[in-house]
Amino acid sequence: MVEMQEMTCVRCPGDLRVEVGSALVDEPGPGEMRVRTMMSAICGSDLHHYRAAASLRDENGWSQWALGHENTGIVDAVGPGVAYPAVGDRVVVFGIVGCGHCVHCRRGEAMFCADAQHFSRHRHGTNIACLLAPARNALPLPDDFDWEMGALLSCNVGTAYGALRKTEVSGDRPLAVFGLGPVGLACVMLGKARGAVVIGVDPVAERRALALECGAQVALDSSDANLVERIVQAAGGEGAAASIDTSGHPAARAAAVDVLRTQGTYVEVGVGHDPTIAPSQQIIFREVTLRGSWLYKQHEWEGLLDFVRRRQVPIKSLITHRFRPEDAVQAFKLANRATTGKILFDWS
Ligand SMILES: [Zn+2]
Ligand SMILES: [Zn+2]
């Protein structure tokens, strides 16, 4: 006899609304775990849901699910046949559920799985008091990382880490970061920890100020008429060795290619509108590499923890606001203004 429990959760009907309500959560079945949420967070991709039309969200059946994919918590129950994790373990739940057996799932890349289920689209997301997920999605959170750090690592800092690993930036390879929201700010921090000179770009003054606090050498206004030239100069005259766009804005994407030195690498992280890029001039004749980067891979988790620990990256300074889940309406209103650093929900 399966016992369902009523759990507080945050849902998103669309049209710039969220609602705090409740949902029934099952006991974990075979191979599953249930994680009591200690901390969750608002991600830029949650804002895509928030800004979407309610009619679209209803049509797709998305509004029934708890919103969110960033979290950390304590395992409070496991189903039959689960060897790891155990009840009481501190974990982050990897935000995409794959089939578990295809080649991508075996590599820890559930995002490429043909049967991938996304939190808050196909099943409950992380803004829920207890989250049910396959045990194989558990990423261990060591004791020297507190709950806030766990929530930051689960997507935000992890996404920046995945992108940074594709750039090969270092002390003599400057980095330009377009879009200085939480993921962009984390790219600044991790780029600096790799020894790179980092140039930040954002239209919002508050976010440029945060980037300077996070270690950017310079933070430029994206509306600057000489933006590309300024970045090239700040990068030592030759251009940036790498650029990352976290904004998804077409102009930022085009500029992110133009600021590169020959044979530089551009990594796209921000989901958004399609850019207009001229392959001959922008890519072929300068031998530029364009790469996409989606979250991080489960096998990168220990490397991510180790990097943050050894370099003592001050990731908690990405947090500018903390809310209780009951105040989700206010928290999302604030996040939608795109002026803050990271916003967390404390469920503890
Ligand atoms: Zn996220
Ligand atoms: Zn799969």
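Colleague: What is the volume of the second largest pocket?

Modeller: In this predicted model, the second largest pocket has a volume of about 190 Å³.

Colleague: Which residues line the second largest pocket?

Modeller: The lining is made up of Leu24, Val25, Asp26, Glu32, Trp65, His122, Arg123, His124, Ile128, Cys130, Leu131 and Leu132. Two elements, strand S2 (19-25) and strand S8 (130-134), each give two or more residues to this lining. The largest share, three residues, comes from S8.

Colleague: How do the residues of that lining divide into nonpolar, polar and charged?

Modeller: Seven are nonpolar, two are polar and three are charged.

Colleague: What are the protein donors of the zinc ion (ligand 1)?

Modeller: They are Cys43 (SG), His69 (NE2), Glu70 (OE) and Cys155 (SG), at 2.1 to 2.3 Å from the zinc ion (ligand 1). Along the chain, these donors follow the spacing C-x25-H-E-x84-C. Cysteine 43 and cysteine 155 link distant parts of the chain, being 112 residues apart. Cysteine 43 sits in the loop between strand S3 (32-42) and helix H1 (44-51), and cysteine 155 in the loop between helix H4 (147-154) and helix H5 (156-165). Cysteine 43 and cysteine 155 are buried.

Colleague: Why is the arrangement around the zinc ion (ligand 1) called tetrahedral?

Modeller: Four donors count as tetrahedral if all angles lie between 85 and 135 degrees. The four donor atoms here subtend angles of 91 to 129°, and therefore the arrangement is tetrahedral.

Colleague: Which protein donors does the zinc ion (ligand 2) have?

Modeller: The zinc ion (ligand 2) has Cys99 (SG), Cys102 (SG), Cys105 (SG) and Cys113 (SG) as its protein donors, lying 2.3 to 2.4 Å from it. Their spacing in sequence is C-x2-C-x2-C-x7-C.

Colleague: What makes the site of the zinc ion (ligand 2) tetrahedral?

Modeller: The angles among its four donor atoms are 106 to 114°. The criterion asks that all angles lie between 85 and 135 degrees, and the site is accordingly tetrahedral.

Colleague: Why does cysteine 99 count as partly exposed?

Modeller: Buried means under 20% relative accessible area and exposed means over 50%, with partly exposed in between. Cysteine 99 has 23% relative accessibility, so it counts as partly exposed.

Colleague: Why is cysteine 105 called buried?

Modeller: The cut-off for buried is under 20%. Cysteine 105 has a relative accessible area of 14% and is therefore buried.

Colleague: Where does threonine 126 lie, and why does threonine 126 count as buried?

Modeller: Threonine 126 is in the loop between strand S7 (117-118) and S8. Its relative accessibility is 0%, so threonine 126 counts as buried. Glycine 95 is 31 residues from threonine 126 in sequence, and the two are 8.5 Å apart in space, C-alpha to C-alpha.

Colleague: How do you know that both faces of strand S10 are covered?

Modeller: On one side of strand S10 (residues 175-178) are Leu175 and Val177, on the other Ala176 and Phe178, and all are buried. S10 is joined to strand S11 (residues 198-201) by four bridges, and the two run parallel. Valine 177 stands opposite glycine 200 in S11.

Colleague: Why is alanine 205 described as partly exposed?

Modeller: The relative accessible area of alanine 205 is 44%, so alanine 205 is partly exposed. Alanine 205 belongs to helix H7 (residues 205-213). Between the C-alpha atoms of alanine 205 and aspartate 245 the separation is 18 Å, and the two are 40 residues apart along the chain.

Conventions: Residues numbered from 1 in each chain as written. Chains lettered and ligands numbered in written order. Predicted model: local features only at pLDDT ≥ 70, side-chain atom pairs only at ≥ 80, totals over all residues. Heavy atoms only, no water. 1 Å grid on protein atoms, 1.4 Å probe; cavity = no way out; pocket = protein on both sides within 12 Å on 5 of 7 lines; lining within 4 Å. Points joined across faces, edges and corners; volume = space filled by probe spheres on them. Nonpolar A, V, L, I, M, F, W, Y, C, P; charged D, E, K, R; others polar. Donors = N, O, S within 2.8 Å, 3.2 Å for Na, K, Ca; no water. Tetrahedral: all angles 85-135°; square planar, octahedral: opposite > 155°, others 65-115°. Buried < 20%, exposed > 50% of the residue type's maximum accessible area, 1.4 Å probe, protein only. Pairing = 2+ DSSP bridges.
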